[in-house]
Amino acid sequence: MHQNYYFLRQLSEQLRQQLVGMEVVTCFSQNKDELVIGFAAGERELYIRASLTSHFSSLSFPTEFKRARANTINLFGELLGRTVRDVVQHLNERSFYLKLNKGYTLLFKLFGNRSNIVLFQGEEPLKPFHKKFGADLELNPLQMDRPIRQNFEAFAAADGNLRQVYPTFGDLPALYLEQQGYSTASLEAQWELVQAMLEQLEAPEAYYLIRLNGKLGLSL
């Protein structure tokens, strides 16, 4: 669930609180499929370490990072010296972007094994981290919100079909609803279950590491 929309909403908000006002001081790769971006403000440092392999993608955020002396390459040189002005989460989408000065935008597209990071200036794509996803150059980070009608009328019209009204839920929230008796509840009761779960997803009190079907996962 670490790339679920509702988790990324929490993550991007925390990043916004941390990164706004910080300057990009380094950006490099020292391992295949890994990008490290360093930010600083005075003596405070923060790094985004993006591991974007074809099998698993994740972001981590060390407060210090020692760059190897060899086998490293500088990337996205245009970012150096740029200041983060905002971190913007896309609506109903597994992506967000850093808004920097001089019109630069750094898109984090976290689509499972097709995850990528793409640099833009204005609406013009400059370069992707993974060049194999050429279609990413056709994206526009300023137009990636995905509005979906999610009121009771739309829910009723879909006869409570979660994938149609809430495609952002994914497997784990849907399984959770089933454990609450979703499939046997009335339409009105199903709506109430969904709203109660949304309150938890949008303002979680805790994060959980769970084991589901033999695999460890992150849950809200």
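Leaving aside its neighbours within four places in sequence, which residues is Glu93 in contact with? Some notes on that and on the rest of the fold follow.

1. Ground rules. This is a predicted model, where local features need pLDDT of at least 70 and side-chain atom pairs count only at pLDDT 80 or more, while totals for chains, interfaces and linings use all residues. Residues are numbered from 1 along each chain as its sequence is written, and side-chain values use heavy atoms, with hydrogens and water left out.

2. Glu93. Back to the opening question: with neighbours within four places in sequence left aside, Glu93 is in contact (heavy atoms within 4.5 Å) with Tyr5, Phe111, Met144 and Arg146. You'll find Glu93 in the loop between S6 and S7; strands here are DSSP runs of E, at least two residues, and helices are runs of H or I, at least four, numbered from the N terminus. Glu93 counts as buried because its relative accessibility is 15%; buried means under 20% relative accessible area, exposed over 50% and partly exposed in between, with a 1.4 Å probe and protein chains only.

3. Thr26. Another one to look at is Thr26, in strand S1 (residues 23-29). Thr26 has 16% relative accessibility, so it counts as buried. Not counting residues up to four places away in sequence, Thr26 touches Val36, Ile37, Gly38, Tyr47, Arg67 and Leu80.

4. The cores. A nonpolar core here is a set of buried Ala, Val, Leu, Ile, Met, Phe, Trp, Tyr and Cys residues joined through side-chain atoms within 4.5 Å. The largest has 47 residues, and Leu19, Tyr166 and Phe169 touch the most other members. Helix H1 (residues 5-19) supplies the largest share of this core, seven residues. Leu19 is in contact with Phe39, Leu46, Ile48, Val84, Val87 and Leu98, leaving aside its neighbours within four places in sequence. Apart from that core lies another, of five residues, among them Tyr97, Leu107, Val118 and Phe120.

5. The sheet. Five strands make an open sheet in the order S6-S7-S8-S9-S10, with antiparallel pairing; two strands pair if DSSP finds at least two bridges between them. Strand S6 (84-89) and strand S10 (124-128) are the edges, each pairing on one side only. From one strand to the next, the twist averages 25 degrees. H1 packs on the sheet, touching S6 and S7, and its direction makes about 170 degrees with that of S6. Angles run from 0 to 180 degrees between N-to-C directions, with axes fitted as lines to C-alpha atoms, for helices over the stretch in contact.

6. Strand by strand. S7 (residues 95-100) and S8 (residues 104-109) are joined by five bridges, and Lys99 has Thr105 in S8 as its bridge partner. Six bridges join S8 to S9, where Tyr104 partners Gln121. The S8-S9 hairpin has six residues between the strands, and Gly112 in the turn has a positive phi of about 60 degrees. S9 and S10 form a hairpin with two residues between them, and there Gly122 has a positive phi of about 65 degrees. Strand S9 (residues 116-121) is mostly covered, with five of its six residues buried.

7. H4 and H5. Helix H4 (residues 171-179) packs against helix H5 (residues 187-202) at an angle of about 130 degrees, with their axes 11 Å apart. The contact is made by Pro173, Tyr176 and Leu177 of H4 and Leu193, Val194, Met197 and Gln200 of H5.
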